[in-house]
Amino acid sequence: MFLCSGRTPADAAPISYYLSDVPRISAVPDPESFLGAEIGEWHLRPDQIVAYVDAVDAASDRVQVVRTGRTYEGRPLLAAYVSTPENLARLEEIRTAHASMSEPGVFREPESNDPVVVYLGYSIHGNESSGSNAAPLVLYQLASAEDEETERWLENAIIILDPMMNPDGLARFAHWTNTNRSLHPNPDPKDREHDEDWPGGRTNHYHFDLNRDWLPAMHPESRARLSVFQSWRPNVLADFHEMGSNGTYFFQPGVPSRRNPRTPEENVRLTDRIADYHREALDEIGSLYYSQESFDDFYYGKGSTYPDVQGAVGILFEQASSRGNRQSTVNGELEFSFTIRNQVTTSFSTVAASVDLRDELLDYQKRFYEDAWKESKGSGGWLIGDRFDPQRAGQLVELLRIHGVEAKGLTERMERGGRVFEPGSAFFVPYAQRQSRLIHGMMDRNTTFTDSLFYDVSAWSLPLAFGLDSIELGSTPGKGLGPVIESLGASSGSLADLQHPDAVAYAFSWDRYWAPRALSRLLDAGARVRIVTRPTSVSTTQGDVVLGRGSVLVPLGIQRGSSGSPGMQRGSSLEPTLRKVATEDGIDVHVITSGHANVGLDLGSPSLRSIERPKVLLAAGPGTSSYETGAIWHLLDARYGIRVTRANLTAIPGALSGYTHLILTSGDYSRWSEDDVATIRKWVEGGGVLVAVESAVKWIQGIQAAEWAKLEARSELESTADRLPYESAGPRRGARALGGAIFSAEVDPTHPLAYGYHDTDLAVFRGSKQFYSPSPNPYETVVRLQKEPLVAGYLHPSQRGAVSGSASLVARKMGRGSVVLFVDDPTFRAFWLGTQRLLLNTVFFGTTIEGTQR
């Protein structure tokens, strides 16, 4: 066998603790010799792992390492292909042949020499580091061992080893635990070594949980990983994690009633057959384990579930975490080396099972896609688009392509379900293609479920998340469809002659996805900007143009000249910026030739609002939600190039001067004193914009001052049962959790926070049990849920009354400033594009909110 169960020192372990003593290729360096320490003595840094993987690649003809991308912090992302030299010599041929088994029109029958494809992915949560610390050992065994069993695996498998799926998070955690570790490891859970500072190493650079990003694919780590997955279409994907320190070791199958109904029953049976190998291997080394409890297989955006709707078997592994080198638990002292060994053990049991079940796994994947193809023929698809914003529609086209889903453009206008779909801004996703079942998994809008417990969100329909018009068609349109498209709305915008002698102003619409980035460019360049507050028709060099609410005006007469004073500056210093607006942001820039409007507001109207460059202060650090803070930071910084200053809570009251906005995410603000609150209030009354998101809204409600946008809280119905079974307490409590569902809402497009929306219908994501009645002032509720709002996901019956017609976004004038309450997170996991505009509008237009009376 390939393991040794001998005992080792608590803070380190020789290779013999992890691997059996077999003949080895001496040219392949072992991790201990290369790194200068035993595995488990210290937490490996990403650069050490990269260096070791590269060294093995250089020394072994069994390994080919490919750099698939880079993280936000510039760290390389790796895929190590491991097999026999003969297989690696024809790797592309094998990949193409493997893909042909699941390709419509081919569906090649598996042959006896077809290798099974196994993907081993480690530590997507950076502070669950036993996986990434196990990866060098797994690679060493596969690259060096000359025993019969290892050689049989290599002959019959292509093993794709991803040693660290989240290098940036792993780097943070390794630095934390290594620099806080005592010379003699302290197992006390209260020791600083085991208590990471905010935000911890779980997430990536922008604090995103990458194990929720397999489907949204918003981040470079995910996109690099998915390029490998979609290219190779693995038969088995092993996803190595950690859980609470008092646990043991979990592997799938998960809770039977909590798998996605689109996952075939055969997938579960294969998962359980593979699990037999884990049971045997862990029994051999005396490790405790369990399955079919705790974890589900519902959300297709997780690593162990994403493969299940693509003819593969995804397997979640959860090792109890030492969160350092050694920690006291209910099961005794848990050593880092022990956690690594369990991950090594199940890595090999996964490979062993995959090789032994090779024929069944290959046949299953082939039949999965063949059956899906038969089901999908003639079954219609989804018509999706936004005639006002082809850029946002194009973002979804790009995402679909990442997942191997094809979309067809339109060649003529279509009207379906009261919606209009135009060529150039809409597309059709036919079910009749290879990824038909994944398409269903992306678009589903279920509201009834066999189980009321969810480990993660219960709904994620992508057209709703992207805020696009969409309708499912029972059959493919007989005409009006063009070929498969590579992109949509990605072309450069038009740019009129900026030097035109009649030019008096430049302008562009606010309804395009990249318009906020364009406005940010102009403000950074020192442009003086006005915002259109009601529809206005103007004369331009290309004819009359209607500018909707939020459209950006750059009047030439007020721009700074070379002397710094206002004056007509046609083109001038703003020309390079405007060219970027057109070419990089894809925005049409108009040249206005008269200050007199055909309809609406003249260019000198006081109803046009002046916009200054926002200076945003974002609450961060201990006491705040790293997820929500990271999502806002990412939206403003990474996506739109808007500067944002993140500050710890303790620093904020004394740092408000000079900032236009203060954004509070979910968190604990009880640490602020009454004087701190008074300081914030004075800042708001002086013109600041206070933005509260999710549970920060609850904190606002607790402040004893009516001016702080008080809302009436609503409660869910309580159970009237006088006696219930004790064992039902946990499930009943879990069923009342609102982990994430999609609701239909009504938006007021005349409000500055809703500029750019052309429709009153909006899909919002709610992931908390906060229910508030709309503001008693009828002008202050910018977004409210419909009376029967549930569109997709699970909602407990006791919450239906509370959620009906409840407030989603409220804005109130307070002195010269404003208080903006986001009951629902507008930036959820970076892929809720449909509501991101609400926050962006708050950043740019929040200072323009006026007081209103009934």
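**Rings and burial**

Q: What makes Phe34 partly exposed?
A: Phe34 has 36% relative accessibility, and buried means under 20% relative accessible area, exposed over 50% and partly exposed in between (1.4 Å probe, protein chains only). Phe34 therefore counts as partly exposed. The model is predicted: local features need pLDDT of at least 70 and side-chain atom pairs 80 or more, while totals for chains, interfaces and linings use all residues. Residues are numbered from 1 along each chain as its sequence is written, and side-chain values use heavy atoms, leaving out hydrogens and water.

Q: Is Tyr52 buried or exposed?
A: Tyr52 counts as buried, because its relative accessibility is 0%.

Q: Why is the pair of Phe34 and Tyr52 called edge-to-face?
A: Rings of Phe, Tyr and Trp (its six-membered ring) pair if their centres lie within 6.5 Å; planes under 30 degrees apart are stacked, over 60 edge-to-face and the rest tilted. Here the centres are 5.6 Å apart and the planes at 65°, so the pair is edge-to-face. The structure as a whole holds 35 aromatic pairs.

Q: How do you know that Arg437 lies over the face of Phe368?
A: A charge sits over a ring if NZ of Lys or CZ of Arg is within 6 Å of the ring centre and within 35 degrees of the ring normal. Arg437 lies over the face of Phe368, at 4.5 Å from the ring centre. Arg517 lies over the face of Trp514, at 3.9 Å from the ring centre.
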